[in-house]
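Dear colleague,

I am handing over the structure below, and after it you will find a short account of what turned up. Please read the two side by side.

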Amino acid sequence: MSTIDYRSPIYLQLREVVRTKIEEGEYPPGMAIPSENELSEMYGVNRLTVRNAVEALVGEGLLKRIQGKGVFVVGDRIERDLDTLSGFRQTIHERNAEPGTKILAKVRRKAGKLYARIFGISEDDDIFYIRRLNSANGEPISVEHTFVPSTKVPKLDGIDLSVFSLYEVYGFYGVSPVRAYQTIDLISLEARDARMLDVEPGATVMLFTCYTYDKDNDLIEYTRSYTRGDKCSFTVHNSA
């Protein structure tokens, strides 16, 4: 463990210790760093010194403080063209509404036959399954079932997706979503999903099935989104 001496301001030394741990991967992107109390005990300094060091890194954009949750490593980010590929939060923000996302499930599992075929991987390869409830201004909009190969984001199971969006997590790992293929169908909801969307069981909703690819043309995400048509409108742009 790095030590702190008194040859320069202590908070600056601690700032560089934390920065080094981020750069060397001991504190990976998307993960919370130790609490102020833990850092204070680890390095024998007071909490004000720890707070000053952490706030300096927050100001640099290396860390992100979330009230009631802790301080998280942000990592590198990748710019993306929001005109062609947007996440739920960005889309809702653009419509002057407040987005909300509740993580209902996040598990690591084997691909099995279906997802091995979809992603072109082995049945025994690991994938992540995420189920989310999306809302706008407090009203439920959609239930999403998302599948991601673990090779693309190997530490996703340790990342809080209520703090970071999947697109931010992709950026941490140098994965750049650049193209998506989407289909739409009308289906009747099962009782569980109907309750979450606050509609009657059997109600007809839109099912969006989306395949998202990176710059290497690898499929990085497969999503099924059950969306209320009475709360959303969609526009298709045709190129000349």
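Tyr 115 is buried, with a relative accessible area of 7%, where buried means under 20% relative accessible area with a 1.4 Å probe and protein chains only. Phe 147 is likewise buried, at 3%.

Before going further, please note that this is a predicted model, in which local features need pLDDT of at least 70 and side-chain atom pairs count only at pLDDT 80 or more, while totals for chains, interfaces and linings use all residues. Residues are numbered from 1 along each chain as its sequence is written, and side-chain values use heavy atoms, with hydrogens and water left out.

The whole structure contains 9 aromatic pairs, a pair being rings of Phe, Tyr and Trp (its six-membered ring) with centres within 6.5 Å, called stacked with planes under 30 degrees apart, edge-to-face over 60 and tilted for the rest. Tyr 115 and Phe 147 form a stacked pair, 4.1 Å centre to centre with 20° between the planes. Because Tyr 115 lies in helix 5 (residues 112-119) and Phe 147 in strand 5 (residues 139-149), this pair ties together parts 32 residues apart in sequence; helices (H or I, at least four residues) and strands (E, at least two) are DSSP runs numbered from the N terminus. The rings of Tyr 167 and Tyr 170 have centres 6.0 Å apart and planes at 85°, so that pair is edge-to-face, and both residues are buried. Ring pairs also link Tyr 115, Tyr 129, Phe 147, Tyr 181, Tyr 211 and Tyr 222 into a cluster.

Notes
Buried < 20%, exposed > 50% of the residue type's maximum accessible area, 1.4 Å probe, protein only.
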